[in-house]
Structures are given as structure tokens and as C-alpha cells.
Amino acid sequence: MKYNFDEIINRKNTDSQKWDMFNDPENVIPMPVADMDFRCPEPILEVLNNITEHGVFGYSIVPEKLKDLFQDRLKNLYNWETEKEWQVWIPGLVPAIYATCKAIGEAGDAVITAIPVYHPFHLAPAYVDKNLQTFPMIEADGRWTFDFEALEATITTETKLFMLCNPHNPGGTVFTKEELEKLVDICEKHDIVICSDEIHADLILDIQKKHIPTASLSKKAADRTITLMAPSKTFNIAGLGCSVAIIPNPELRKKFEKAKHGFFPPLTRYSQEAAFVAYRDCEDWRLALVDYLKENHDYLYEALNGYKGLKLLPLEATYLAWIDARDTGIENIQEKFLEAGVRIMDGKIFKGEGFFRLNFACPKATLVEAVERIKKSLAE
């Protein structure tokens with residue numbers, strides 16, 4: 001293999017949120033937090049070293065070369081024609097979620113999202129004086145999708161913003177053109193803005209699927225969509241803090257800019273240059289990564305689906321397995337597996353009671369050991 005994703009890198013005692021935050025015993029394998037245990041592509045490491053050697057770390061501006069490259073990327077990967085002025089570069093996607101919730105609607109209005117979902121989606125509204133509305137996702141034809149009838153039944157006159165996660169975290173769904181168009185039609189009918197978190201767009205595991213940016217569907221979709229993207233999940237540079245909002249509608253863009261004003265620091269030179277070389281020089285690495293993640297996914301699915309009450313649907317994207325543990329009869333699955341030496345993330349965090357999320361973006365040997373511990377724990 002050209003790239004060594006099998007390399008075991010010791011991340012303990014590096015102030016890693018994933019490896020050090022929980023103060024677990026040394027033997028515990030952490031699989032909750034969504035970053036990867038792989039070394040970054042060499043072009044990124046090289047440019048970071050060059051910046052360090054330069055030795056000056058002042059304020060930075062987003063270079064035009066990054067904006068141009070990102071615009072080309074949207075065209076080449078997703079056939080999405082955009083304008084550079086639509087880009088708003090920001091030091092993190094989660095802050096952009098909060099800024100969007102702040103920007104759309106007035107105090108007391110509502111934000112709606114499907115559950116289970118990435119937890120900032122249902123935590124952000126309360127922080128900006130908005131109310132949260134939720135409706136359930138449903139299993140259909142072996143994948144998670146929207147219950148559109150439940151969505152329409154939940155919408156009220158106060159509903160101003162729909163929070164969309166596509167590809168879905170934690171369900172792993174890549175929503176189809178038909179699903180997205182139906183969602184856009186409903187949001188247009190009720191005059192609802194869409195915030196589309198597409199951070200996992202580059203990590204499609206199912207070769208039959210293709211990511212479709214919501215705003216690329218039509219002008220009416222573009223006019224009511226704030227799209228959030230980032231190189232962070234794809235190239236394992238989340239700690240550098242670099243994301244972008246793509247907002248075609250100038251009125252929405254102005255509201256977003258106002259909501260973030262004074263709260264977001266400028267991007268660092270490290271984050272900007274890392275994003276640039278990632279997009280310019282690391283496509284081969286990304287494709288090899290996706291192949292490796294798919295092999296890990298297939299092993300995990302084969303080993304755990306149907307084992308002692310566990311159930312997981314095949315993921316279409318992401319490296320985050322969403323596993324149903326309700327039939328195990330175990331009340332605290334997180335504690336059960338922690339005793340066995342594996343830390344997972346309890347589904348309650350995502351409003352998915354009885355499920356858990358497991359990050360399989362790690363060397364195969366680490367995943368095999370974690371799976372064996374889980375199986376042994378359940379067998380006991």
C-alpha cells in the first residue's frame with residue numbers, strides 16, 4: 001500500500017480529546033470522538049513545517065488561491081457551479097452551526113432537525129434563545145432516512161430553520177436527489193431556511209452513492225441553503241480549525257456574517273495552507289483512505305451485525321458506525337464495553353436511546369482488538 005494506514009501511532013499524553021479527555025486506563029481503546037488515528041498526508045506536514053521554520057505567526061487573511069481551488073473542487077467533485085463571493089471562511093464547523101441558529105429567525109422561533117443527529121444540532125438552539133423541534137428518522141430499505149410525514153406534522157409557524165446533516169452523522173446515510181428535493185419543497189412551502197452540514201461529503205463508502213450538495217439542486221434550493229464544509233474530517237486536520245460556509249443568497253450571507261462578527265477569530269496560516277495543499281495535493285491519499293475505511297467498515301459489519309443482539313445498517317458514508325444495542329437487554333452499554341476496554345459513545349448523546357456510535361477510523365489491528373473485546377463482553 002502506498003500509504004500506511006496500518007501504522008500504530010501512540011496518541012496518549014498528547015492532550016488528545018479522543019485519547020486523554022476521559023482519563024481511562026492505559027489499555028482502553030477510545031472510539032468515541034470523530035477524528036482519525038492516521039498520520040496526516042505528507043504534503044500537509046511539509047507545509048506546516050515550512051510555516052514553523054518561517055517563524056512568524058501573525059494574523060492571516062484567506063488567500064485567493066484557496067478560494068479559487070475550493071471553487072474548482074465544488075465543480076469537479078459535485079458539479080456545483082458557485083461564485084467565490086459565496087464563501088465565508090470560518091475556524092470551525094460547530095461554531096458555524098451556532099452562528100446559523102443565531103442568524104435565522106428571532107428569539108422564541110424554532111429550529112427543527114431529525115433525530116438521532118450530531119449533538120450540536122440539538123444543543124445549539126437553546127444557546128441562542130431558540131426552541132428545538134425534533135422528528136424521528138426511520139429505517140427503510142436498509143438505510144436511515146427522513147419520516148417526511150412526521151416532519152410536516154412537527155413544523156409550526158415558529159419553525160424558521162432546518163438543520164440537515166448530509167452525509168448523516170450518526171446514521172451514515174447519503175441522501176438521494178429525490179429525498180433532498182422533497183426536503184427543499186417542504187422547506188419552501190413553509191419558508192424555512194436549510195443549514196446543510198456536509199462535512200463528511202468526501203467520505204463516501206458506497207460506490208453506488210454520490211454526494212449531492214443541497215444547494216446545488218436548484219436556484220430555489222440555493223436561495224434558502226447555508227452549506228457547511230471543511231477539510232477537517234477528510235484529511236484529519238480538525239485541530240487546525242478550518243471550515244467554510246457557502247451561502248449563495250446575499251441576504252442570508254449578510255445575516256450569517258453579522259451573527260459571527262466579533263466571535264470568530266481569523267483563520268491561522270497553518271489552517272489555510274493545510275487546507276490548500278490538502279485540496280491540491282492529497283486526492284490520491286483521500287481515495288486510499290476511503291478504500292481503507294471501507295475495508296474496516298466491511299469487517300466491522302461482518303463481525304458485529306447480528307451478534308448477541310447488535311444490529312447495524314451498512315453505512316453509505318462516514319467512519320462512524322451507528323449500532324443498535326436494544327436487543328442486548330443491557331441498560332448501560334457504554335459502561336459494559338468500557339469494562340471490556342473499549343470506549344464508545346452512548347447514543348443518548350445524539351437522542352438515539354439504546355444505540356451507540358463507534359469510530360472505526362483506526363488501524364485495522366486496533367479495530368480487530370476492539371471488536372474482539374466487544375464480542376467477549378457480550379458473550380459473557
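User: Hi! Which residues are buried in helix 11?
Analyst: Ser 271, Gln 272, Glu 273, Ala 274, Ala 275, Phe 276, Val 277, Ala 278 and Tyr 279. Buried means under 20% relative accessible area, with a 1.4 Å probe and protein chains only. Bear in mind that this is a predicted model, where local features need pLDDT of at least 70 and side-chain atom pairs count only at pLDDT 80 or more. Side-chain values use heavy atoms, leaving out hydrogens and water.

User: What do the buried residues of helix 11 pack against?
Analyst: Helix 2 (42–54), helix 3 (64–78), helix 9 (232–235) and helix 12 (283–304). Contact here means heavy atoms within 4.5 Å, and helices are DSSP runs (H or I) of at least four residues, numbered from the N terminus.

User: Nice. How do the axes of helix 3 and helix 11 cross?
Analyst: They come within 10 Å and cross at roughly 35°. Axes are lines fitted to C-alpha atoms over the stretch in contact, and angles run from 0 to 180 degrees between N-to-C directions.

User: Which residues of helix 3 are involved there?
Analyst: Lys 65, Leu 66, Leu 69, Phe 70 and Arg 73, which meet Gln 272, Glu 273, Ala 275, Phe 276, Tyr 279 and Arg 280 of helix 11.

User: Switching topic: where does Glu 149 lie?
Analyst: In helix 6, residues 148–154. Its C-alpha is separated by 9.5 Å from that of Phe 135, 14 residues apart along the chain.

User: Is Glu 149 buried or exposed?
Analyst: Exposed, because its relative accessible area is 69% and the cut-off for exposed is over 50%.

Key: Residues are numbered from 1 along each chain as its sequence is written. Helices (H or I, at least four residues) and strands (E, at least two) are DSSP runs, numbered from the N terminus.
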